[in-house]
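This briefing concerns the strand arrangement of a single model and the helices that accompany it. Please view the sequence and structure below before reading on.

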Amino acid sequence: MEEKERKDTREEVLIRAFKKEDVDFVYKIIEENFPRPWIREQILLENVFSYKVVLEKEGEIIGFLFGEIIYEEANVLLIAIKKDYQGKGFGELLLDHFVQVCKNKEVNKILLEVSTENKKAINLYRKKGFKKLSIRKKYYSNGSDAFLMALEK
Ligand SMILES: CC(C)(COP(=O)(O)OP(=O)(O)OC[C@H]1O[C@@H](n2cnc3c(N)ncnc32)[C@H](O)[C@@H]1OP(=O)(O)O)[C@@H](O)C(=O)NCCC(=O)NCCS
């Protein structure tokens, strides 16, 4: 029953490409989730390898995933869900989407860094099959460490 309800919720959403008009909505999600938020200019930064999507629910942006696909290697740069909507399967949905896009493009390895203190995100990545490769000491500006994790084909 629990599983069915969760699935129904997830079916009402749309994953679409990030547009520059989305910047304020994405900024708000970053601001409520991270102690040292990105500035708007960073959110807008793109290169030919960028892969940026937002998750819309009934017209409202409730999450996003920013990544890069560089030939056979990809990176998850930032993923976040609006606080009110966390724990309902939306983060997993966005990550599943990115992994599927990478598979379709024949990516061999998806890499990401995650704070060693971010249990929620680590659990999500492990659930999706990501493995810890190493620790990057003092990776974040607050001095905390990051795990480098990878999902390999
Ligand atoms: C991390 C984040 C993206 C996960 O998205 P979410 O929608 O909240 O998570 P989901 O509901 O999709 O849960 C997927 C899995 O994540 C893990 N997870 C989610 N919430 C959790 C919690 N409160 N405690 C422990 N693990 C949790 C579980 O493994 C869960 O699978 P399960 O439901 O089968 O147990 C989201 O919580 C978030 O935006 N956090 C703040 C920003 C952040 O830390 N981003 C990642 C670093 S860049």
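This is a predicted model: local features need pLDDT of at least 70, side-chain atom pairs count only at pLDDT 80 or more; totals for chains, interfaces and linings use all residues.

Which residue of β5 does N75 stand opposite? The residue is L111.

- Seven strands make up an open sheet of mixed pairing, ordered β1-β2-β3-β4-β5-β7-β6.
- The edge positions are held by β1 (13–17) and β6 (131–136); each has a single partner strand, so one side of each lacks a neighbour in the sheet.
- From one strand to the next, the twist averages 25°.

**Strand β4 and its partners**
- Strand β4 spans residues 73–81 and pairs with β5 in the parallel sense, over four bridges.
- The chain passes from β4 to β5 by way of helix α4 (residues 90–104), and this β-α-β crossover is right-handed.
- Strand β3 (residues 60–70) runs antiparallel to β4 and is joined to it by eight bridges.
- N75 in β4 is the bridge partner of E68, and N75 also stands opposite L111 in β5.

**Strand β5 and its partner β7**
- Strand β5 (residues 109–115) has a covered face formed by I110, L112 and V114.
- The uncovered face of β5 carries K109, L111, E113 and S115.
- Strands β5 and β7 (residues 146–152) run antiparallel and are joined by seven bridges.
- Within this pairing, I110 stands opposite L151 in β7.

**Helix α4**
- Helix α4 contains 15 residues and reaches 21 Å from its first C-alpha to its last, close to the 21 Å expected at 1.5 Å a residue.
- The buried residues of α4 are F90, G91, L94, L95, F98 and C102.
- These residues lie on the same side of α4, because they cover an arc of only 140° around the axis.
- Exposed residues Q100, K103 and N104 are carried on the face of α4 turned away from its buried side.
- E106 follows α4 and has a positive phi, near 65°.

**Helices lying across the sheet**
- Helix α2 (residues 23–33) lies across β2 (50–57), β3 and β4, and runs at about 90° to β3.
- Helix α5 (residues 119–127) lies across β5 and β7, and runs at about 160° to β5.

Notes. Residues are numbered from 1 along each chain as its sequence is written. A residue is buried if 20 or more other C-beta atoms lie within 10 Å of its own, exposed if 12 or fewer, and partly exposed in between; C-beta atoms are placed from the backbone. Helices (H or I, at least four residues) and strands (E, at least two) are DSSP runs, numbered from the N terminus. Two strands pair if DSSP finds at least two bridges between them. A crossover is right-handed if, with the strands pointing away from the viewer, the path from the first strand over the helix to the second runs clockwise. The expected span of a helix is 1.5 Å times one less than its number of residues. The arc is that of the directions from the helix axis to the C-beta atoms. Axes are lines fitted to C-alpha atoms, for helices over the stretch in contact, and angles run from 0 to 180 degrees between N-to-C directions. Two residues are in contact if their C-beta atoms, placed from the backbone, lie within 7 Å.
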